Amino acid sequence: MKRRDFLAASAVLSLLASSPAYAVNKTNAKKPHAKSSARPKPKKPSAHSEPEVHHEPHGETRNVISLPDEPAQWRSYDIRSSIVLNRINGKARLWLPLAQYKDTLWERSLGHNWQGNFESAGIYRDPVAEMEVFYADWPEGVAKPQLQIVSQVATQDRHFDITRRGAVAERTEVLRRCLQATSLVPIDGIVRNTAERAIGRIKDPVAQGKAIYEWVVENTTYDPLLKSVGNVNIGSMLESGNLSGRSGDIALLFVALCRSIGIPARPVFGLRIDSSRLFGSLGVGGNLSSAQHCRAEFYTPGYGWIPVDPSDVRRAIREERLSLGDPKLTVLKKLLFGFWEMNWISFNVAQDVSLRGSTGKTLPFLVYPLVETIDGRFDSLDTSRMSYQVSASRVD
């Protein structure tokens, strides 16, 4: 990264400095207590109490140029999910991705509680895929299988500092997985050729990652009409010349280009849970059942994993009608290379997922609740068969 670029981005980061996001309404629903998974809790992050707000103050515009200068703090949330299944034939099993179980400097999973009319339920951990999954089983004859689950999560904004080295080295097997091709991420042919053109003669791995990030931002478009977070094979996308997609498509394009030239990279699937201090279109409120969002990160020795979010740049361009010469866009592009606003929680980095107890084929990723019966599979995008409601409320 050039020094002038770093200084420009640092000016904005100093304003952000983990300032707290606006809270959504706190619900009055009782906490389910029939079952629970109380993992040993880390020391609960401290936070200052804030008045709850329903929406942004009237007349106040929030964007990446005008941000509040507020103290850094963790933000804690209750995330409530309610699922009702319809037209079920025979037995049913449900899988639901949970917040990433490994504590980081920007996210902590504090536990889960659940209740419902299931026969059995629990949580299993897939250490290879680095994910936790909730499952529930219903026997034949249950007219309307139901589940309510509450997850407690704490977040604070994630920053990359180019002036600091010395990150703990990642395990070799993890880096090896993050260099491999998957069902949606080929790493040869047109993918490698595209990456080589994007980086040119650049040799430094951080600068290579930035060049690929900028190429993805400049050449893709965000398409909100597509149904799923991720839709196409990246090789097919490049072959078609139509680089339009949702967050998963854009993040996986970045990942594929990085892997093709030997840079470990991975998508990070998750869920938006709060409003944004950057742009209104990058935040959420109310029912979050369609708020799934995919980001990405790449690895360089000395710095560790560096976060990026090229799809949110493209989303802001579309939703906020930003012109290419808009100074807010210039700042946003610099900002989202190395910064995650944590009005979002990560679920997992898993690709080509094999679900425990499933008889079906592997999935390209797991970000939606999924159900399997003798008639096959369906997920929460099938609203005729699954009623899925999610809300998040600040608890501090």
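**Exercise 1. Surroundings of Phe134**

Identify the residues in contact with Phe134, leaving aside its neighbours within four places in sequence.

*Solution.* Contact requires heavy atoms within 4.5 Å. By this criterion, Phe134 touches Leu94, Trp95, Leu96, Leu98, Trp114, Ala121, Gly122, Ile123, Leu147 and Ile149. The model is predicted, so local features need pLDDT of at least 70 and side-chain atom pairs pLDDT 80 or more, while totals for chains, interfaces and linings use all residues. Residues are numbered from 1 along each chain as its sequence is written, and side-chain values use heavy atoms, without hydrogens or water.

**Exercise 2. The nonpolar cores**

State which members of the largest nonpolar core touch the most other members, and which helix gives the most to this core.

*Solution.* A nonpolar core joins buried Ala, Val, Leu, Ile, Met, Phe, Trp, Tyr and Cys residues through side-chain atoms within 4.5 Å. Buried denotes under 20% relative accessible area, exposed over 50%, and partly exposed in between (1.4 Å probe, protein chains only). The largest core comprises 85 residues, and Leu85, Phe134, Phe254 and Phe298 touch the most other members. Helix α6 (residues 247-260) gives the most to this core, namely nine residues. Another core of eleven residues lies apart from the largest one and includes Tyr124, Ala129, Val133 and Leu355. Over the whole protein of 396 residues, 56% count as buried.

**Exercise 3. Packing of α6 with α7**

Describe the geometry of α6 and α7 and list the residues that meet.

*Solution.* Helices (H or I, at least four residues) and strands (E, at least two) are DSSP runs numbered from the N terminus; the protein has eight helices and 18 strands. Axes are lines fitted to C-alpha atoms, for helices over the stretch in contact, and angles between N-to-C directions run from 0 to 180 degrees. α6 and α7 (residues 310-319) pack at about 135° with axes 8 Å apart. This angle makes α6 oblique to α7, since under 35 degrees is roughly parallel, over 145 roughly antiparallel, 65 to 115 roughly perpendicular, and the rest oblique.

Next, Ser247, Ile250 and Phe254 of α6 meet Pro310, Ser311 and Arg314 of α7. These contact residues divide into three nonpolar, two polar and one charged. Here Ala, Val, Leu, Ile, Met, Phe, Trp, Tyr, Cys and Pro count as nonpolar, Asp, Glu, Lys and Arg as charged, and the others, Gly among them, as polar.

Finally, seven of the ten residues of α7 are buried: Pro310, Ser311, Asp312, Val313, Arg314, Ala316 and Ile317.

**Exercise 4. Packing of α4 with α6**

*Solution.* Gly209, Ile212, Tyr213, Trp215 and Val216 in α4 meet Ile250, Leu253, Phe254, Leu257 and Cys258 in α6.

**Exercise 5. Positive phi values**

Locate Arg321 and Asp352 and decide for each whether it is buried, partly exposed or exposed.

*Solution.* Arg321 lies in the loop between α7 and α8 (327-335), and its phi is near 55°, a positive value in a residue other than glycine. Its relative accessibility is 75%, so Arg321 counts as exposed. Asp352 lies in the loop between β15 (344-348) and β16 (370-373) and has a positive phi of about 50°, although not a glycine. At 31% relative accessibility, Asp352 counts as partly exposed.
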